[in-house]
Amino acid sequence: MANGRIVGTEHLFPVHIYFEDTDFSGLVYHANYLRYMERARSDMLSCVGINQKQAFEKNDGVYAVSELSIRYLRPARFDDGLIVVSSVTERVAHLAEVEE
């Protein structure tokens with residue numbers, strides 16, 4: 001079930017920050033941003049009709065992250081609303097590069 005949407009060439013995925021997402025300082029714990037990006041990536045695939053579970057079960061391939069890099073611009077805080085913006089920047093037969 002997709003929660004995001006495709007707008008033009010981008011996938012927009014809303015994220016609400018809950019208390020459990022934050023550390024003792026009230027900021028989102030840095031590793032949680034990876035969770036949000038993974039949810040957005042899975043949602044993007046769902047939005048374009050790719051069911052990852054079925055693809056795996058049929059041995060049609062898997063969609064795995066092989067490399068990532070993060071640059072934090074500013075922290076998110078409890079009760080913030082974020083939008084993860086994803087776009088496919090490169091695609092070949094066995095690889096898709098996604099920027100979030």
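## Core, ring pairs and a buried aspartate

Not counting residues up to four places away in sequence, Ala40 touches His11, Phe13, Val84, Ser86 and Glu100, where contact means heavy atoms within 4.5 Å. The model is predicted: local features need pLDDT of at least 70 and side-chain atom pairs count only at pLDDT 80 or more, whereas totals for chains, interfaces and linings use all residues. Residues are numbered from 1 along each chain as its sequence is written, and side-chain values use heavy atoms, with hydrogens and water left out.

Ser86, one of the residues touched by Ala40, is placed in strand 3. Helices (H or I, at least four residues) and strands (E, at least two) are DSSP runs, numbered from the N terminus. Ser86 has a relative accessible area of 1% and is therefore buried; buried means under 20%, exposed over 50% and partly exposed in between (1.4 Å probe, protein chains only). Leaving aside neighbours within four places in sequence, the contacts of Ser86 include Thr9, Met44, Val98 and Glu99.

Ala40 also belongs to the largest nonpolar core, made up of 10 residues: Phe13, Val15, Ile17, Val28, Tyr33, Tyr36, Met37, Ala40, Ala76 and Val84. Such a core is a set of buried Ala, Val, Leu, Ile, Met, Phe, Trp, Tyr and Cys residues joined through side-chain atoms within 4.5 Å. Helix 1 gives the largest share, four residues, and strand 2 and helix 1 each supply at least two.

The structure has three aromatic pairs. Rings of Phe, Tyr and Trp (its six-membered ring) pair if their centres lie within 6.5 Å; planes under 30 degrees apart count as stacked, over 60 as edge-to-face and the rest as tilted. The ring centres of Phe19 and Phe78 are 6.1 Å apart and the planes are at 85°, so this pair is edge-to-face. Phe19 lies in the loop between strand 2 (10-16) and helix 1, and Phe78 in the loop between helix 2 (52-57) and strand 3 (81-92), so the pair ties together parts 59 residues apart in sequence. Tyr33, Tyr36 and Tyr72 are linked by ring pairs into a cluster.

| Residue | Relative accessibility | Class |
|---|---|---|
| Phe19 | 63% | exposed |
| Phe78 | 48% | partly exposed |

Asp43 is found in helix 1 (residues 32-47). Asp43 is buried but has no salt bridge, and the nearest side chain of opposite charge, Arg5, is 9.3 Å away. A salt bridge is a side-chain nitrogen of Lys or Arg within 4 Å of a carboxyl oxygen of Asp or Glu; Lys and Arg count as positive and Asp and Glu as negative, while His and the chain ends are not counted. The Asp43 side chain reaches the backbone nitrogen of Asn3 at 2.6 Å.

How values were computed. Polar contact = N/O pair within 3.5 Å; in protein donor to acceptor, adjacent residues only side chain to side chain.
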